[in-house]
Amino acid sequence: MEIGFIGLGVMGEPMALNLVRAGTPLLVWSRRAAACEPLRDAGARVAGDAAQVFEQARTVILMLADDAALDAVLARGTADFAPRVRDRTLVVMSTHAPAYSRALEADVRTAGGGYVEAPVSGSRKPAEAGQLVGMLAGEPDAVDAVRPLLAPICRETVVCGAVPGALLMKLSVNLFLITMVTGLAEAFHFAHRNGVDLQRFRAVLDAGPMASDVSRVKLQKLVAGDYAVQAAIADVLKNNRLVAEAAREAGLASPLLDACHALYGETLALGHGREDMVAVLRALEARTDGA
């Protein structure tokens, strides 16, 4: 049977393309009609609206921007919600607050549907390569059914227990990612403003024990002044907020994360919300030049 896929943004488009290219029969929909055309060209069917996806697909993957977009697609809070999700398995791959996901799962299961949390670690480049890491949470039978479906998207999937276990795992990973890339940008800023040869700086970091796929990609972008989006400032700020809120709910201190939150907020205010997260350098430059 066809699999539904809703949400064809920076991450959703390459994920859906990998499914189609692997032979998965896919029915797609996006609020932006133009976003569907690469999927149509690759062999997917394009639905006229979100309702058609739920009518014709028993399993629906959702990769949407935020809670409001997901609620709208599901018609949550309306009479259409229950018939839309009944006898369907929802695979929510976008990132949401753990409390939101827990409540959504309860609503879906009450309506007779299945629910799997499946956030991913990785940005657009690993999404294009099918090299994301998936984190799965939900009822064991539903997770077992969904896991092989994600093979064209994820090089590895890790089962994280009951909802919201996958999102708590994702937020933990994001905390490390955000602080790491922000630290890299600050180190680059320090080197650059002190006249360090940036190619040699890159060579030293790339060869050293702190190097990773992320550091190599992001440092290359910093040296080249390349802010083309892989993970946008606005999206990183959203994820930063979700981690911070979860930390507050648990009574946890998060001083590094709080410093990053301020910097990404400043970068957004400077007008760089759709640039890659390495554009946090703009906030560091503004603080330096304004001092």
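This is a predicted model: local features need pLDDT of at least 70, side-chain atom pairs count only at pLDDT 80 or more; totals for chains, interfaces and linings use all residues.
A75 is buried, at a relative accessible area of 10%. A75 is not a glycine, yet its phi is positive, about 55°. Most residues other than glycine have a negative phi, and most peptide bonds are trans.

**Positive phi**
- A75 sits in the loop between helix 4 (67–74) and helix 5 (81–85).
- D87 is another residue that is not a glycine but has a positive phi, here about 65°.
- The loop between helix 5 and strand 5 (89–92) holds D87.
- Is D87 buried or exposed? D87 counts as exposed, because its relative accessibility is 53% and the cut-off for exposed is over 50%.
- A75, by contrast, counts as buried because its 10% falls under the 20% limit.

**A cis peptide bond**
- The bond from V163 to P164 is cis.
- Its omega is near 10°.
- P164 belongs to the loop between strand 9 (154–159) and helix 9 (165–193).

**Nonpolar cores**
- The largest nonpolar core contains 36 residues.
- Which residues have the most contacts inside this core? They are I6, L62, L74 and L90.
- Beyond its neighbours within four places in sequence, L90 is in contact with F54, V60, L62, L74, V85, V108, G114, Y115 and V116.
- Another core lies apart from the largest one and has 32 residues, including L19, L26, L132 and V146.

Key:
Residues are numbered from 1 along each chain as its sequence is written. Side-chain values use heavy atoms; hydrogens and water are left out. Helices (H or I, at least four residues) and strands (E, at least two) are DSSP runs, numbered from the N terminus. Buried means under 20% relative accessible area, exposed over 50%, partly exposed in between (1.4 Å probe, protein chains only). A nonpolar core is a set of buried Ala, Val, Leu, Ile, Met, Phe, Trp, Tyr and Cys residues joined through side-chain atoms within 4.5 Å. Contact means heavy atoms within 4.5 Å.
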